[in-house]
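Work through the exercises below with the sequence and coordinates at hand. Each task is followed by a solution in steps.

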Amino acid sequence: MSRLSCVLTIALSVTALAACSPAKQAGPNAAPSAGEINLYTARHYDADLQLYAAFTKATGIKVNRLEMQPDQLIERTKAEGEASPADVILMADAGALWRAEAAGLFQPLTTPTLAARIPVALRDPKGQWWGFSRRARVIAYDKAAVKPEEVAHYDQIAGPRFKGKVCVRSSDNVYNLSLMAALIEHWGEAKALNWAKGVVANMARAPQGGDIDQIRAVEAGACQVALTNTYYYLRLAASPDAADKAAAARVGLSFPEQDGVGTHVNISGGGLAAHAPNKAAAIKFLEFLASDEAQAILAGANHEYPAVEGLPSPPDVAAYSKFKSDPMAVSIYGQRQAQAQGVYDQAGWR
Ligand code: FE
């Protein structure tokens with residue numbers, strides 16, 4: 001079954017998942033193969049195929065990949081229990097990693113390589129998961145209508161200047177939940193709630209679509225400002241498609257809070273699955289993700305920022321890398337996730 005049809009099958013039917021399962025049989029008597037890992041991933045980026053190919057080339061270890069939505073991944077792995085064939089679990093966003101951790105999907109792991117390479121703020125304090133790339137959640141704005149100083153702070157998009165001019169995605173999106181968690185941590189719940197109410201009052205339309213859709217809406221004039229993760233914008237800017245390039249040309253990116261705490265930064269990352277049958281190979285894979293080679297692929301192919309400090313990025317990513325980022329530990333985003341959803345609900349942000 002091809003990867004695409006496998007992903008489609010997963011989307012259509014949980015009962016059909018057996019057809020997509022990694023070839024190795026799981027179970028107490030199954031002999032683990034040293035030559036492969038079973039990867040459950042909620043990252044949704046085609047660029048990741050380059051990562052897996054590079055790992056296999058470097059180690060000879062085959063990667064059997066299952067791509068799922070985060071909640072689907074968590075439910076499936078929980079249901080598999082001790083018989084789960086998963087060796088490594090990858091998620092986009094620290095909030096999603098925290099959900100997976102809370103569901104018991106990981107086992108703690110610390111290695112000298114991981115500890116030396118991955119900054120403390122970008123990993124779980126107990127070693128359940130590690131951040132392998134960074135992304136900022138920034139304000140995309142219509143350069144023809146908005147001055148950069150009007151979007152220098154997150155709270156400005158909640159003010160009267162942008163009445164009817166804001167596009168956002170839904171509040172249950174984990175990127176938005178993590179941003180709210182950070183705002184609560186900095187501002188306290190009362191101010192964060194006022195911000196959410198202000199954004200709701202300013203919405204140009206009901207929350208809809210993904211981050212790319214928000215950028216396109218700004219380009220189309222449906223709104224003047226929107227929230228997006230950086231790599232989506234950089235992907236449009238690097239696209240060979242003229243319409244994508246045109247969207248990126250009309251839309252600017254503001255990195256808020258440069259005169260204060262710094263812009264909200266999140267991670268994508270992963271950890272060792274709780275019942276990993278191919279543990280040694282899985283650890284090699286996780287360490288590979290922290291290598292110079294993998295970090296370069298994450299930056300080059302998916303326009304994310306390296307998690308490892310001091311590594312170069314390709315010019316198009318580097319051009320948007322010179323900003324002050326909020327040093328907050330990303331584990332906070334998980335700890336405050338339920339509170340964040342409560343604040344959005346109270347504000348009426350669907
Ligand atoms: Fe994403």
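The model is predicted: local features need pLDDT of at least 70, side-chain atom pairs count only at pLDDT 80 or more, and totals for chains, interfaces and linings use all residues. Residues are numbered from 1 along each chain as its sequence is written, and side-chain values use heavy atoms, with hydrogens and water left out.

**Exercise 1. State the mean pLDDT of the protein and the pLDDT over residues 1-33.**

Step 1. pLDDT is the predictor's confidence in each residue, from 0 to 100. Its mean for the protein is 91, and 90% of the residues reach 70 or more.
Step 2. Over residues 1-33 the value is below 50. Beyond near neighbours in sequence, this stretch has 41 contacts in the model, a contact being heavy atoms within 4.5 Å.

**Exercise 2. Characterise helix 2: its span, its buried residues and what they pack against.**

Step 1. Helices (H or I, at least four residues) and strands (E, at least two) are DSSP runs, numbered from the N terminus. Helix 2 covers residues 48-59, 12 residues in number.
Step 2. From first C-alpha to last, helix 2 reaches 17 Å, close to the 16 Å expected at 1.5 Å a residue; the expected span is 1.5 Å times one less than the number of residues.
Step 3. Buried (under 20% relative accessible area, with exposed over 50% and partly exposed in between; 1.4 Å probe, protein chains only) applies in helix 2 to Asp48, Leu51, Tyr52, Ala54 and Phe55. They lie on the same side of helix 2, because they cover an arc of only 160 degrees around the axis. The arc is that of the directions from the helix axis to the C-beta atoms.
Step 4. Their packing partners are strand 1 (36-41), strand 2 (62-67), strand 3 (88-92), helix 11 (279-289) and helix 12 (292-302).

**Exercise 3. Is Arg137 buried or exposed?**

Step 1. Arg137 lies in strand 4 (residues 130-142).
Step 2. With a relative accessible area of 2%, Arg137 is buried.
Step 3. The side chain of Arg137 makes a polar contact with that of Asn176 at 3.0 Å. A polar contact is a pair of N or O atoms within 3.5 Å; within protein, one must be able to donate a hydrogen and the other to accept it, and residues adjacent in sequence count only if both atoms are side-chain atoms.

**Exercise 4. Where does Gln128 lie?**

Step 1. Gln128 is in the loop between helix 5 (112-117) and strand 4.
Step 2. Gln128 is buried at 13% relative accessible area.
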